[in-house]
Amino acid sequence: MSYKYILHVALLVLTCLEAVRGQARIVGGTTTPIAENPFVVNIRDNDGNLVCGGTLVNPRFVVSAASCIRPYKANQLTVQGGAQLFSEEGVRRGINRIIYPANFDNVTLDYDAVMLRLVTEMTGTNIGTIDLHTTGVPIGATLKVLGWGELTESGQNSDSLQSVLVVAIPKNDCLQSYELTPTMFCAKAPGADACEGDGGGPAVLNNKLAGIISWGFGCARPDYPGVYTSIARLAPFINQAIANNS
């Protein structure tokens, strides 16, 4: 095994570690009403701490990022929906099954998606599902990303749901900063990004779920766009997971 190969693998591992630290909040965004985004949920541990964002795509199934959920077992997590504020009670559901894509790679973060099956359906005020955007994200498209994560890099999480607009960029431009796989796309905007705590949350295009907040270096750094898992690539996995586990 060559030194060059070992160095390459080490850099990939460091990239993923930095990515996990760097995707958990919305930077440069504004408070947005949960009533206008009823599909957005947050996932917390048994101590009540924010773990990830998520998206309700079926009354009993939440889409999130595998890289965010992987350290946990189902009984260590709770999903909250229907709440503007993280500190509110909202509607809460336990998880009884975690379903990963067979091709998920914990090093490259290829196929970075996961399906969470709730113990019972999530219903109530300000709770709803969102359809999947299955035709890919055009370059230049504006996406809305949402979450309760940090408001500044290494800062505090937001108590109120935040959103920000980012623009999809050519993959070749993103390759100048990262190594990507076919299941990923990049988006950026000046001073705007998702970050620590937002990982697993939605990127919305034309009122449909187009991406999952996945990873990136830091938050809103000019030379480092946010990286998202493509729903167009993962839709077959999402639909099959629902069909096989309902």
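1. A disulfide here is a pair of cysteine sulfur atoms within 2.5 Å. The torsion about the S-S bond of Cys 174 and Cys 186 is about -70°, so this disulfide is left-handed. The pair links distant parts of the chain, with Cys 174 in helix α3 (residues 171–174) and Cys 186 in strand β11, 12 residues apart. Helices (H or I, at least four residues) and strands (E, at least two) are DSSP runs, numbered from the N terminus. Both Cys 174 and Cys 186 are buried, where buried means under 20% relative accessible area, exposed over 50%, and partly exposed in between (1.4 Å probe, protein chains only).

2. Please keep in mind that this is a predicted model, in which local features need pLDDT of at least 70, side-chain atom pairs count only at pLDDT 80 or more, and totals for chains, interfaces and linings use all residues. Residues are numbered from 1 along each chain as its sequence is written, and side-chain values use heavy atoms, with hydrogens and water left out.

3. The disulfide count comes to two. Cys 52 and Cys 68 form a disulfide as well, with 1.8 Å between their sulfur atoms, and this link is left-handed, at -105° about the S-S bond. Cys 52 lies in strand β4 (residues 50–58) and Cys 68 in helix α2 (residues 66–69), so the pair ties together parts that are 16 residues apart in sequence. Cys 52 is buried at a relative accessible area of 0%, and Cys 68, at 16%, counts as buried too.

4. Cys 186 turns up again in the second largest pocket, where Val 137, Lys 171, Met 184, Phe 185 and Cys 186 lie nearest the centre among 14 lining residues. A pocket is an open set of points on a 1 Å grid over the protein atoms alone, with protein on both sides within 12 Å along at least five of seven lines; a cavity is a set where a 1.4 Å probe fits but cannot get out, and lining residues have an atom within 4 Å of a point. β11 gives the most to this pocket's lining, with three residues.
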